[in-house]
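Hi,

Here is the model I promised to pass on.

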Amino acid sequence: MGRIKPVVPQFVENQKSPMRASQFYIKTTREAPVDAETISHQYLARASFIQQIAAGIFSIMPLGQRSLEKIRKIIREEMNDAGGLEVTMPVVQPRSIWQESGRADTYIPPLAQFLDRREREMVLAPTHEETVSMMGRYGITSYRDMPLILYQIQTKFRDETRSRGGLLRVREFEMKDAYSFDVDDEGLDASYEAMAQAYHNIFSRCGLNAVMVEADSGSIGGKDSAEFVLLADSGEDTILICNSGDCEYAANLEKAEFIKNHNPSEEFDEVEKFATPGIKTIETLAEAEGVLTSKTAKAVFYTIGDKVYVVVIRGDYEVNETKVRNMMGGSEPRLSSPEEVAAAGFPAGSASAVGVPSEFVIADDSAIENVNLLAGANEDGYHLRNVNYGRDWNADHVGDIASAVEGHKCSRCTDGHLKQNRGIEVGHIFKLRNIYSDAMNVKFNDANGNLQSVLMGCYGIGTGRLLAAAVEANHDDRGMTLPRSIAPFEVVIVAVNMHNNEDVRDLAEALAEQLENAGIDTLLDDRDEAPGAKFADADLIGMPVRVVVSPRSIQNGGVEVKHRLTDPKDSTIHTADQALAVIQAALES
RNA sequence: CGGGGAGUGGCGCAGUGGAAGCGCGCCUGCUUUGGGAGCAGGAGGUCGCGGGUUCGACCCCCGCCUCCCCGACCA
């Protein structure tokens, strides 16, 4: 009967222990869940970074947690450098503050709501303008209190009708959201620029080549707005970028402008009505007449508020609903149902603006600047030739409401054309100006003693989406190739056969400690797995530098060092004494 | 919200109106140890939920739930 000795943990100052894979929670799989379609979803799931709980709702597992924590750290550093102050605001909020801002019933997607036990109406916050306005209102009384930038890294919930793409579009997600408070437009511009620069820094440090593109400000409202976009086919954003070398114009589809070409000028011809049985689309109409679709005017019915409008655009362009919304004062347009069209007294089929009161007509300038167009006769089975704006129809609402597509002429330079790309929106910055400060009464006294509205900006980055985007941008057929800055570990030491070989064990453990004490995030893979399994895991997870300690490597003189991006066969052998310097150099490369 | 598809061990899948299976993973032992090892023996499933038909339902019928994909679209 031996005596049980009490184990007293020893605290050793400045001595760090490397993480051992046997003590960690790495559960990779060979096969991705069948519903994982995007690369990032597949690899993040296979490498046990994330676990799906419900549609658009994920848990973050230990490996993913490490990467996200590194992303958060980078964001915090850049936000703090830009003058931001970190705060935390509640996810659960009383619905009343959303009524105060006027968004309780207008936010899209609709707010997720519930009643607490006292039957008080609560919402799950999809964003935090209301609470940050309250925080500003609490203490901002003077122009001397600004500029002020507050930010948080906090969970949001948006009840999207459809989530997709793993972490790319989810319902519950973590976001860094920052809010600026300034006394005037110059101050707001400065805060906006500071955030834009911070965003460039953040994405660059996370291994993303994100482009800043002009954007519509969307349902948040406001004035200037820009998205930061990673160009990737799996993205759901459409981006138009000028292909001219000197021109830097880039905008998303909602915002993009372009130069419209004009048909050759002609004199007005007489309107002719003619039968077009069975012709329902612009394409078949143009084909039947033997003309280009640019010689047609198409008409679409949109319901805005409680009114039905005829929206007219040249046949070769598409209506951009966001532009329509902005032209019509911000109310969201939606395509009218056949019932609504009929109820409004418009004929369904072969529609046009001819004969429609101009107050119910919205026109793209392409439809009024070209002449002798084919249009519907407002009678099923008939169309009209030579329809002209001003003579045959009129519109009270005229402007650019056309969507840009690939090949359109750039509006900012002389020779460029727009190139269309898919992209993942990883950040968005807005100038809100006084929208929320007016609604939520965030005011200050200026130097002259006059009460003024604070000018606000808001700036968001989805952390989980950033991780997924980083994987989309950094992977190969073996797995993720995350940059050192956001990989869960910087170095993995694969100890081959260490449980039967003291030399391997001693060298691997000593090296791991040496690396850890040098400030390098090290994982010692001490699992009793076949070497091939450990190599495959290291590749899948994307360990930036892999070090092999094995009987063979020792026989060859030390340890093997390999960069994740190089071929598995391209490792180099180094003595134990050289190892630290070689690994540090590999991490820097 | 509309259309399509799918729910069977942790993951990927097969399956038949009559005793729930395979691969991977997991556990034990032995043998192995440089690209997801071998042998032997094991553990693990209310077949999404509820109803119905039937002597008998994972299977057929009805309802519901969940998840995925496509569309949110031009008369």
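Pro109 sits in the loop that joins helix 3 (95–101) to strand 6 (112–115); helices (H or I, at least four residues) and strands (E, at least two) are DSSP runs, numbered from the N terminus. The Ile108 to Pro109 peptide bond is cis, with omega near -5°. Another cis bond runs from Met146 to Pro147, with omega near 5°, and Pro147 is in the loop between helix 4 (129–139) and strand 8 (148–157). While you're checking backbone angles, look at Asn386 in strand 21 (residues 382–387): its phi is near 60°, which is positive although the residue is not glycine.

Before the rest, some housekeeping. This is a predicted model, where local features need pLDDT of at least 70 and side-chain atom pairs count only at pLDDT 80 or more, while totals for chains, interfaces and linings use all residues. Residues are numbered from 1 along each chain as its sequence is written, chains are lettered from A and ligands numbered from 1 in the order in which they are written, and side-chain values use heavy atoms, leaving out hydrogens and water.

**The RNA**

Which residues come nearest to RNA strand B? Out of the 50 around it, they are Arg30, Thr161, Arg162, Val300 and Ser550 (a residue is near if one of its heavy atoms lies within 4 Å of the strand).

- An N or O atom in the Arg546 side chain is 2.5 Å from a base oxygen of RNA strand B.
- Arg46 has a polar side-chain atom 3.2 Å from a base oxygen of RNA strand B.
- Ala536 uses a polar backbone atom, 3.5 Å from a base nitrogen of RNA strand B.

Helix 13 gives the most to this surface, with seven residues. By class, the surface near RNA strand B has 20 nonpolar, 15 polar and 15 charged residues (Ala, Val, Leu, Ile, Met, Phe, Trp, Tyr, Cys and Pro count as nonpolar, Asp, Glu, Lys and Arg as charged, and the others, Gly among them, as polar).

**Helix packing**

The axes of helix 2 (residues 62–81) and helix 5 (residues 185–205) come within 9 Å and cross at roughly 155° (axes are lines fitted to C-alpha atoms, for helices over the stretch in contact, and angles run from 0 to 180 degrees between N-to-C directions). That is why helix 2 counts as roughly antiparallel to helix 5 (angles over 145 degrees; under 35 is roughly parallel, 65 to 115 roughly perpendicular and the rest oblique). The residues in contact (heavy atoms within 4.5 Å) include Ile74 and Glu78 of helix 2 and Tyr199 and Arg205 of helix 5. By class, this contact has seven nonpolar, one polar and three charged residues.

Helix 12 (residues 502–517) and helix 15 (residues 576–588) pack at about 40°, axes 11 Å apart, so they are oblique to each other. Leu507, Leu511, Gln514 and Leu515 meet Ala576, Ala579, Leu580 and Ile583 there, a contact with seven nonpolar, one polar and no charged residues.

Technical notes. A polar contact is a pair of N or O atoms within 3.5 Å; within protein, one must be able to donate a hydrogen and the other to accept it, and residues adjacent in sequence count only if both atoms are side-chain atoms.
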